[in-house]
Structures are given as structure tokens and as C-alpha cells.
Amino acid sequence: RRMSVPSTQKAVVIETTGGPEVLQFKTDYPVPTPQEGQLLVKNNITGVNFIDTYFRTGLYPAPKPEVLGREAAGVVVAVGPGANPYNFKVGDRVLWLNTTGYAEYSAVPAAKTVKIPDGISDEEAVAAFLSGLTVLTLVKETYPVQKGEWVLLHAAAGGAGFLMTQVLKLIGAKVIGTAGGPEKVALVKSLGADHVIDYRSGEGKDWVKKVKEVTNGEGVSVVYDSVGKDTWEGSLEAVKRKGTIVWFGNASGPVPPLPLQRLSPKCVKIARPMLFGYIETREEFESYVKELFNLLQSGQLKVRIHKVYPLEDVQQAHKDLEGRKTTGKLLLKP
Ligand code: NDP
């Protein structure tokens, strides 16, 4: 069964790498045909993630032309040929992780698609999906955070940070968050963070000193650092003896090559994880998704949507995200 599908669609395409201006909004982009193992999904809401900017600038290489967008929620309009082990049907309301979300239609692997349970809206599902799965893998597998431990989380008001602050508090960790500006600081405090530092102004610029003060000179058990270039050195100072630093993003640029001897004095462990490495098998994927949906359905985890941008305003969405103007998640409406 197949719903009627047009041959062309609205999509945002990049042909070269560069600034937000390389994002081209097109109205005559071909609608893909689902291949073996794929579903064709009509996207209702697409997530904007910082990783999209890395592919746009070329920090992460990928063949061009490219349609960005790692996740979306929508409706299955066609099931590709071959086996359909997860029993998707035309009309199913689904959430997928792959690429090409900046478009009305995406052909995506069924293996990386899940049905959205009743009671969770498309917007809520996307706002929690890639970011929330990342957070769960980081606190469970990259470093299993324990109750009562001090944790330092950078960019705590962002898409991933907003969810991570809540998850860390659910675990019972003691959270020190950093964020840029008084509104963001207030937002992170409202989530129950124990200390929040405005790392862009005043005394907060010396956030390492503040972290040491708060932890009686010891430092934190783990640092979750997605800012990278601007914070990596401070993160090495703020971590305690035998602690762990998780570098999981490059919002200010990548962490430069690091001599391993830098880790010796405090016997520090470092990790540089990526979500897709933790959810490669269907079993791993489903288990994290189930946990995420449970947190949403029980009301323990709240999403925050900065703004829903029409697809044609995608350049503005990238400018706002890179300009540090946003809190929570940015969404696109194809
Ligand atoms: P965010 O909404 O968190 O936006 C990034 C935030 O980083 C900004 O709001 C800003 O917050 C902070 N920041 C600090 N320095 C800069 C800078 N120079 N330019 C821009 N922003 C800066 O984005 P996401 O939630 O999409 O992603 C958060 C991070 O997590 C990213 O680094 C992303 O790459 C990473 N990530 C990694 C994954 C993985 O698998 N490894 C998966 C998902 C996300 P402030 O103003 O408070 O400083």
C-alpha cells in the first residue's frame, strides 16, 4: 500500500560547505524512492542539531550535494521492497534517525525508525530524540554516573544540556552547569542544578576556580564537555584525580591534538563518544528509545522547544544556534 506521493518536494540542499548562506531552499527537489529495508516518511517535524552545522561547514566531511537533518517525526507513506521485520505500515506515526531530514520526504532505514507511542506529540518526540538518546548513552555507558557524585556539564541550557541536567538530577548526581548569560543560568537552576556558572562574564569566566571551590578543592568526578576548543583545558583542570572527561562535541571548535602525558598527573580518563556507536544494533536502539519514552510518558523528563522554524527559515535557525541565542531544541517544519 502506498499513499499518493508527489515526484518533487520542498528540501534544503547544500552543494558546497560554508556559512548558513550555503543552505539552499528548493521547491523542486526529487522525492526519493524507498530502497530495500527503507521506509518513505512524510516528515512533520525535523530536529536541528549542532552536528548539522559541522556537516555544513565541512568540519565533518560528507559527499555533496547533501540534505542535512539527522532526525524527524512523520508518517510512513510507503514501505520499501524486501523484508519488513519491524512491521511498519503505511500511516504509522514514526520517529527516525538517519539523514535528509531537512525535506518533506525522507527515505530512511526501518532499522533506525520507531513508532511514536500515544501521548507523545511529534514535537515532543523530536525535541527529545537524538539529544535525549545521546544523554542516556553518555550517563550510562560512557561514564556510569552514580548518585551523589559531582558532575560538571558545559552548555547546560542547550538542546542536549537541558535534557542532561534533568537526567543527572534524576540519577541523584550533584550538578554544576555552565551556561552563557543570566537567562540561561536561571533556566538551568530551575531544573535543579546545584550550581550554575555564567562562564562568559564576570567571575564566572574563571569557572575552574568556582568548580574547585564548590567541590572543596577536589574537582568533579566527570566533566561532560561539548564545547571543545574553548573549554577543554579548563575541563582538564576541573576534573578530580582519577576522574573522567567526556568530550562529545565541538560547539566552539574541536579539542586540539592532546599529548597523552597531560592525563598522567591526575590519572585522568578521557572519552570521545558518538551516539550512533552506542545504538548500532536494533536491540541497543530499542532499549534506549524505550527508556527515553518512559521518561517522557512518566513526566520525569520535560522537553523545551526554543522555536519551530518554517523550513525556508533554516538559515536563521543555524544562525541562532551558532550565535548561542537558543535554549533547548530548535525544530523545523517542512
Ligand atoms: P546546543 O543547543 O547545546 O547549542 C550549542 C551550545 O554550545 C550553545 O547554545 C552555547 O551555549 C554553547 N557554546 C559554547 N561555545 C560556543 C560557540 N563558540 N559557538 C556556539 N555555541 C557555543 O546544541 P545541541 O544540543 O545540538 O548539541 C550540544 C553539543 O552536543 C554539541 O557540541 C553537539 O555536537 C554535541 N552532541 C554530540 C553528540 C554525540 O553523539 N557525540 C550527539 C548530540 C550532540 P552557551 O551560550 O550556554 O555557551
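Strands are DSSP runs of type E with at least two residues, numbered from the N terminus. The exercises below concern a predicted model.

**Exercise 1.** Determine in which strand Tyr 309 lies, and whether Tyr 309 is buried or exposed.

*Solution.*
Step 1. Tyr 309 belongs to strand S14, which spans residues 305-310.
Step 2. The cut-off for a buried residue is a relative accessible area under 20%.
Step 3. Tyr 309 counts as buried because its relative accessibility is 1%.
Step 4. In sequence, Tyr 309 and Thr 46 are 263 residues apart, while their C-alpha atoms are 9.7 Å apart in space.

**Exercise 2.** Describe the shell of residues around the ligand by its nearest members, its composition and the helices that supply it.

*Solution.*
Step 1. There are 28 residues around the ligand, and those that come nearest are Tyr 54, Lys 184, Tyr 199, Leu 275 and Arg 324.
Step 2. By class, the shell comprises 14 nonpolar, nine polar and five charged residues.
Step 3. At least two shell residues come from each of helix H1 (50-57), helix H2 (122-142), helix H3 (159-171) and helix H9 (314-322).

**Exercise 3.** Identify polar protein atoms that lie 2.7 Å or 2.8 Å from an oxygen atom of the ligand, and state what share of the ligand's accessible area the protein covers.

*Solution.*
Step 1. For Arg 324, a polar side-chain atom is 2.7 Å from a ligand oxygen atom.
Step 2. For Leu 275, a backbone N or O atom is 2.7 Å from an oxygen atom of the ligand.
Step 3. For Gly 159, a polar backbone atom is 2.8 Å from an oxygen atom of the ligand.
Step 4. On its own the ligand has 900 Å² of accessible area, of which the protein covers 91%.
Step 5. The ligand takes up the space of the largest pocket.

Terms used:
Residues are numbered from 1 along each chain as its sequence is written. This is a predicted model: local features need pLDDT of at least 70, side-chain atom pairs count only at pLDDT 80 or more; totals for chains, interfaces and linings use all residues. Side-chain values use heavy atoms; hydrogens and water are left out. A residue is near a molecule or strand if one of its heavy atoms lies within 4 Å of it. A polar contact is a pair of N or O atoms within 3.5 Å; within protein, one must be able to donate a hydrogen and the other to accept it, and residues adjacent in sequence count only if both atoms are side-chain atoms. Accessible areas come from the Shrake-Rupley method with a 1.4 Å probe; for residues, only the protein chains shown count as cover. On a 1 Å grid over the protein atoms alone, a cavity is a set of points where a 1.4 Å probe fits but cannot get out, and a pocket is an open set with protein on both sides within 12 Å along at least five of seven lines; lining residues have an atom within 4 Å of a point. A molecule sits in a cavity or pocket if more than half of its atoms lie within 2 Å of its grid points. Helices (H or I, at least four residues) and strands (E, at least two) are DSSP runs, numbered from the N terminus. Ala, Val, Leu, Ile, Met, Phe, Trp, Tyr, Cys and Pro count as nonpolar, Asp, Glu, Lys and Arg as charged, and the others, Gly among them, as polar. Buried means under 20% relative accessible area, exposed over 50%, partly exposed in between (1.4 Å probe, protein chains only).
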